[in-house]
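Hello,

Here is the structure I said I would pass on. Please open it alongside the notes below.

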Amino acid sequence: MHREIALLVAIAVASRVAATEVTVKLPSEAQPLLDGRMILIASPLADPEPRLQVELEAPLNTPYIFGQTLENAKPGTVVPLTSTYGWPVSLAELPAGDYTVQAVFNQYETFHRADGSVVKLPPDMGEGQHWNEKPGNPYSRPVRIHLGPGAPPLALSLDQVIPPVKPILDTPFVKHIRIKSAMLSRFWGRPMYLGAYVLLPAGFAEHPKARFPLMVNHGHFPADGIGAWRETPPDPDLKPDYSERFHLAGYNRIQQAESYANFKRWTGPDFPRFLVVSIEHANPYYDDSYAVNSANLGPYGDAINKELIPEIERRFRAIGQGWARFTYGGSTGGWEAMATQVFYPDMYNGAFVACPDPIDFRAYTTINLYKDKNAFAEQGKAVAIDRPAMRNYLGETLATQRDENHMELVLGDHSRSGGQYDIWQAVFGPQGRDGYPQPIFDKESGAIDPAVAGYWREHFDLTHIVERDWAKLSPELTGKLHIYVGSADSYFLTNAVYYAQDTLESLKPAWGGEVDYGERAEHCWNGDHSLSNAYSRLHYDWMYVPKIMARIKTTAPKDADLTSWRY
């Protein structure tokens, strides 16, 4: 009787699981051997095409994904994917049903780094390190098919290629700059470049003797150049969209209107004349480097601050002194703004740190890296509860630590997913024996490595570093840190700020900075109590100017140029 029941259960399960054989043919015309990650997407929906439906930070919006690393594969090879590792299930466990299926091959190149390590990584191709949009990556046409027992084999062919990115053209106000970095090229063993978009002040050409203060806007890859900037009136015929994030109809119209209003404000007669810089520093691991020197990415902090910024200041007539430089940003950019101010304290005169990535690893989102044993779950006496990674405005869980990390593992092993947790691991962690980042925790089980956590603490826990080095830092850092976060930040980034505030307010001599919270505000609140995130996030390039001007007034040396740029 028990055997009969077991057999019936097995038959029922088998009927729900796709047993279709899937193969993918590599391009015939390619380099001699191919390295990379084969990514397969199976979606119940057909639009947009599956490769564009994958959202690492939104598991509820992401279809089934599967991944397999290939090394030294011959062009034209037919690769079987039947048992490929996947999220939320392996390909062999995919429920039977109708799917739109597509494959993408994220190509790797071999880097021979200066330290002797040899690693295979996906180079950025001008798109900001996104595998599903990377120029040159081959992919298959979407296929609508039934997967399940008795279905014929599915044979996909990588016969499409993602085209090059169209460059953003310069305007009278926005200029693009790109330099070869000697520091980064030396580290990576090949030419490496840094770029930036520079927003010029009104009257730049008409006032050739004027020199200008500099505001460095840190953040993700600036795919649109200078964000929230528009030099022409809004398009009256623009079809309104709907923003799920902000619950607003016609948000695209709001963005155009605010961007044009920013242009009008920036060029108005009473606005202080500044240079704004948005840095372009995508790398083989992510869409930006976190603007620090690290074991796995190399000396990006020094390259940005000692190569790129001086070249920008030379070309665009910046004042070029610490009292006239400021840094700001939100989320990743918030962490970078604080890190830049802390690691280069006399080079900048203030950091405006909005909704920063974890600035205290006692609250690495919802994980305490120093006390917790497991990153994915909190273990009780009888039950383990999965830790959340993202919540909505009502506090409802939208993603767990387990799901986000397993999704990244599908898209790339050895921290090669291009995802958030993998770049934290690459930037904050030491290099492993294999040349790739040493994991802070096991990506499958969540078990935390306390030795690696200790490395993170000493090198990149910003709160700990400020406290540890305060005797040395206080003369240059006092009064320069301004930290803002919503009390309901979507990624639980509020928690690290709580810890940081307690530590900073205990420092002697007093730290002289500012911490402010937006009541019920989600990610990424930036200090504006009068407007919602939907609007204030579009005002970064001018909203801190009043505080910057006050800082300049009280800290500029006696011989400082306070007039040539006030025309």
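This is a predicted model: local features need pLDDT of at least 70, side-chain atom pairs count only at pLDDT 80 or more; totals for chains, interfaces and linings use all residues.

On the H6 side, the contact uses Gln-401, Glu-404, Asn-405 and Glu-408. H7 contributes Gln-420, Tyr-421 and Asp-422. By type, the contact residues of H6 with H7 are one nonpolar, three polar and three charged.

Next, the second largest pocket. The space in it comes to about 680 Å³. Its lining has 29 residues. Nearest the centre of this pocket are Asp-124, Met-125, Gly-126, Arg-178 and Glu-280. E14 supplies the largest share, four residues. The lining divides into 17 nonpolar, four polar and eight charged residues.

Last, the aromatic rings. The count is 37 aromatic pairs. One of them joins Tyr-64 and Tyr-99. The ring centres are 6.0 Å apart, with 85 degrees between the planes. That pair is edge-to-face, since its angle is over 60 degrees. Which strands hold the two residues? Tyr-64 sits in E3 (residues 64-73) and Tyr-99 in E6 (residues 97-107), so the pair ties together parts 35 residues apart in sequence.

Best wishes

Terms used. Residues are numbered from 1 along each chain as its sequence is written. Side-chain values use heavy atoms; hydrogens and water are left out. Contact means heavy atoms within 4.5 Å. Ala, Val, Leu, Ile, Met, Phe, Trp, Tyr, Cys and Pro count as nonpolar, Asp, Glu, Lys and Arg as charged, and the others, Gly among them, as polar. On a 1 Å grid over the protein atoms alone, a cavity is a set of points where a 1.4 Å probe fits but cannot get out, and a pocket is an open set with protein on both sides within 12 Å along at least five of seven lines; lining residues have an atom within 4 Å of a point. Grid points are joined across faces, edges and corners, and a volume is the space filled by probe spheres set on the points. Rings of Phe, Tyr and Trp (its six-membered ring) pair if their centres lie within 6.5 Å; planes under 30 degrees apart count as stacked, over 60 as edge-to-face and the rest as tilted.
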